[in-house]
Amino acid sequence: MQPVVKRILFYGILFIGWQLAVTVLDISESLLPAPTDVFSSLYTGFADMTLVYDLTASFRRLAIGLVIALSLGLLLGVLLAKSKTADETLGSLVIALQSVPSIVWLPLAIMWFGLNEAAVTFIIVLGATLVMTLNMRTGLKNVPPLYIKAAQTMNYKGFSLFWKVMFPASIPYAVTGTRLAWAFAWRALMAGELLSTGPGLGYKLKFASDFGDMSLVIAIMLMIMVIGVIVDLLFFQRVEKSVMKKWGLDTK
């Protein structure tokens with residue numbers, strides 16, 4: 001049986017069980033709405049374009065923050081890999097900051113930037129930059145010494161050695177770092193939008209929660225999960241597998 005068929009059957013059974021549980025146990029809609037109510041809220045949101053508007057706003061913030069984060073992460077990763085002093089000092093700070101959840105930075109972001117786009121972008125950048133930095137550092141540090149020695153015998157050194165040998169050899173780590181950065185950025189975006197002034201999926205989630213619209217709350221939660229899975233499975237996993245295969249790292 002194909003994985004896609006398995007997933008369809010699994011989620012089909014899950015939603016049927018959910019519907020039956022709500023109906024049989026007579027659970028209040030304010031506590032746990034039925035799937036039919038959730039899908040009705042989704043249909044209404046897309047029909048009146050409000051969810052489309054929020055989704056577009058969220059993706060715009062994500063794109064800006066992710067581009068900045070990947071650029072900073074790439075540069076910082078190279079710095080940590082090439083400079084022992086930076087690795088021993090700045091590197092320890094990066095590891096320490098990596099252990100702090102993005103949502104913890106929200107109070108500082110609000111105080112520094114206010115309830116605006118800059119605060120949300122700051123949370124996204126912070127959430128994604130660190131993981132990209134560590135992956136780039138690891139990728140450059142793990143370049144096989146044989147590659148470097150072979151290149152040096154052909155008069156590659158300095159920037160040419162980095163650009164022609166070390167950077168290409170670290171591409172698999174960069175792809176994995178980008179995939180993880182996307183996941184961290186997506187979570188950070190939702191956390192940041194919870195306290196934003198909108199529009200955005202996180203803001204819409206908080207708005208629906210404040211007004212007790214649990215159908216819309218769960219509908220947005222499902223949207224967030226589905227988008228995360230689709231981007232990861234249909235894009236990043238395929239790119240990662242392709243790169244691994246091209247670099248001879250796929251053992252299958």
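Over residues 214-236 the chain is 100% helix and 0% strand, with the end C-alpha atoms 32 Å apart; helices (H or I, at least four residues) and strands (E, at least two) are DSSP runs, numbered from the N terminus. This is a predicted model, in which local features need pLDDT of at least 70 and side-chain atom pairs count only at pLDDT 80 or more, while totals for chains, interfaces and linings use all residues. Residues are numbered from 1 along each chain as its sequence is written, and side-chain values use heavy atoms, with hydrogens and water left out.

**Annotated spans**

- The unreviewed UniProt entry places the feature "transmembrane region" at residues 7-25, 62-81, 93-113, 119-140, 161-185 and 214-236; UniProt positions follow the numbering used here, feature names are shortened, and annotations may be inferred rather than shown by experiment.
- Residues 7-25 are 100% helix and 0% strand, and the end C-alpha atoms of this span lie 27 Å apart.
- The feature "domain: ABC transmembrane type-1" is placed by the unreviewed UniProt entry at residues 55-235, a stretch that is 84% helix and 0% strand, with its end C-alpha atoms 19 Å apart.

- When its neighbours within four places in sequence are left aside, W186 is in contact (heavy atoms within 4.5 Å) with F59, L62, L201, I224, I227 and G228.

**Individual residues**

- T176 has its place in helix α9 and is buried, because its relative accessible area is 19% and buried means under 20%, whereas exposed means over 50% and partly exposed lies in between (1.4 Å probe, protein chains only).
- Leaving aside neighbours within four places in sequence, T176 is in contact with N135, E240 and M244.
- A118 has its place in helix α6 and counts as partly exposed, at 37% relative accessibility.
- The C-alpha atoms of A118 and G65 are separated by 9.7 Å, although these residues are 53 residues apart along the chain.
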